[in-house]
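Subject: A structure for you to look at

Hello,

Here is the structure I promised to pass on. Please open it next to this email, and then read on for what I found in it.

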Amino acid sequence: MVLAAVACAQSARVLRNALLIKGRIGHVVEKVRAANTGAMTPGHQQYCLQLVRNRDYEGFLSSLLLPPEFHSSVFALRAFNVELAQVQDLVTQKTIGLMRMQYWRQMIEDIYSDNSPPQPIAIELWKAVKKHKLTKRWFLRIIDEREKNLNENAYRNIKDLESYAENAQSSLIYLVLEVLGVKNIHADHAASHIGKAQGIVTCLRATPYHCRRRKVYLPLDICLLHGVSQEDFIREKREKNLRDVVFDVASQAHVHLEHARSFCKNVPSKACPAFLQTVVLDDYLDRIRKVDFDVFHPSLQKTNTMLPFYLYIRSWRKIY
């Protein structure tokens, strides 16, 4: 009788939690629908939101799970990041790309001179800077690193890739932490490692796209170690030595995620929303492992339809 009662209580608790999660997931779905129809925010905020939704859907989902009072600022930051990231793909001449980067460098200078700039993203950034006292250095680091990346050279080694990721990706996370009001050295260390992991995973995920454009950015030292040439990747070969290169690069991303989680006991819970991208990174690393590190496997180009659910669960549990 006692065992039956305990089992019944456990079943009721599981059912209650499942219904609670289902209800809250439904709330997130409504948020997504509202964002998609433009019902959430007007004007410049909506411009930023839609840009992020169209060009960085995973970042869009992650941002929706932040407390509502931070949405406009974080979407402005992500829109700024998207705007810089797409320069390399949109311009056909490096000079035009450099001009675009200089334009944004001047926008940041104007923002910190308290001059409201005539551009939707810049206007929202100006508001965010005034509201949260954001650090100018992080914006300039992102611009400088994206500008260097216009050279379209392969990374010489994994350290070069990590350096790029620290400046371009970790700097964005530092800004999100500032928006959330988090000032914690352990959170900063975690952000540094998560940014590096994100940069490495982004490099892997973009490899098929880059190879179709006859570009390979994977670290040269790892390619040489396994006797792989850039032409092997461009031809989309699937031999073991190519998979070994991908394994080594992916393993470094995994190491950074583990390092980031080693700080979790000392990271304040209000910092966790800034780290929700770890869900996306875990998902990709798990899927590429299942296809034996074949970076060209068609399944890796598909979106995981369970990703919103995984993001919500991680957000609900306040973990990364």
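Where is glutamate 152 found? Glutamate 152 sits in the loop that runs between α8 (136-148) and α9 (158-179). Before we go further, please keep in mind that this is a predicted model.

**Two residues with a positive phi**

I started with the backbone. Most residues other than glycine have a negative phi. Glutamate 152 is not a glycine, yet its phi is positive, at about 60 degrees. Is glutamate 152 buried, partly exposed or exposed? Its relative accessible area is 24%, so glutamate 152 counts as partly exposed, because the buried class is for values under 20% and the exposed class for values over 50%.

Lysine 318 is another non-glycine residue with a positive phi, here about 55 degrees. You will find lysine 318 in the segment after α16 (307-317). Its relative accessibility is 52%, so lysine 318 counts as exposed.

**Arginine 78 and its contacts**

Next, please go to helix α4, where arginine 78 is placed. Arginine 78 has a relative accessible area of 10% and is therefore buried. What does the side chain of arginine 78 make a polar contact with? Its partner is the side chain of serine 63, at 2.9 Å. A polar atom of the arginine 78 side chain also lies 3.5 Å from the backbone oxygen of glycine 59. If residues up to four places away in sequence are not counted, arginine 78 touches Val52, Asp56, Gly59, Ser63, Leu172 and Gln277.

**Glutamine 86**

Glutamine 86 lies in the loop between α4 (71-85) and α5 (87-90). Is glutamine 86 buried or exposed? With a relative accessibility of 12%, glutamine 86 counts as buried. Setting aside neighbours within four places in sequence, glutamine 86 is in contact with Leu51 and Arg55.

**Two pairs of helices**

Now for how some of the helices pack. Helix α2 (residues 43-55) and helix α3 (residues 57-64) pack at an angle of about 130 degrees, and their axes are 5 Å apart. That angle makes α2 oblique to α3. Which residues meet in this pair? From α2 come Leu49, Val52, Arg53 and Arg55, and from α3 come Tyr57, Gly59 and Phe60. Sorted by type, the residues of this contact between α2 and α3 are four nonpolar, one polar and two charged.

On the α10 side, Ile194, Ala197, Gln198, Val201, Leu204 and Arg205 take part, and they meet Gln277, Thr278, Val280, Leu281, Tyr284 and Leu285 of α15. The residues of the contact of α10 with α15 divide into eight nonpolar, three polar and one charged.

Definitions and conventions. Residues numbered from 1 in each chain as written. Predicted model: local features only at pLDDT ≥ 70, side-chain atom pairs only at ≥ 80, totals over all residues. Heavy atoms only, no water. Helix = DSSP H or I, 4+ residues; strand = E, 2+ residues; numbered from the N terminus. Buried < 20%, exposed > 50% of the residue type's maximum accessible area, 1.4 Å probe, protein only. Contact = heavy atoms within 4.5 Å. Polar contact = N/O pair within 3.5 Å; in protein donor to acceptor, adjacent residues only side chain to side chain. Nonpolar A, V, L, I, M, F, W, Y, C, P; charged D, E, K, R; others polar. Axes fitted to C-alpha atoms, helices over the stretch in contact; angles between N-to-C directions. Parallel < 35°, antiparallel > 145°, perpendicular 65-115°, else oblique.
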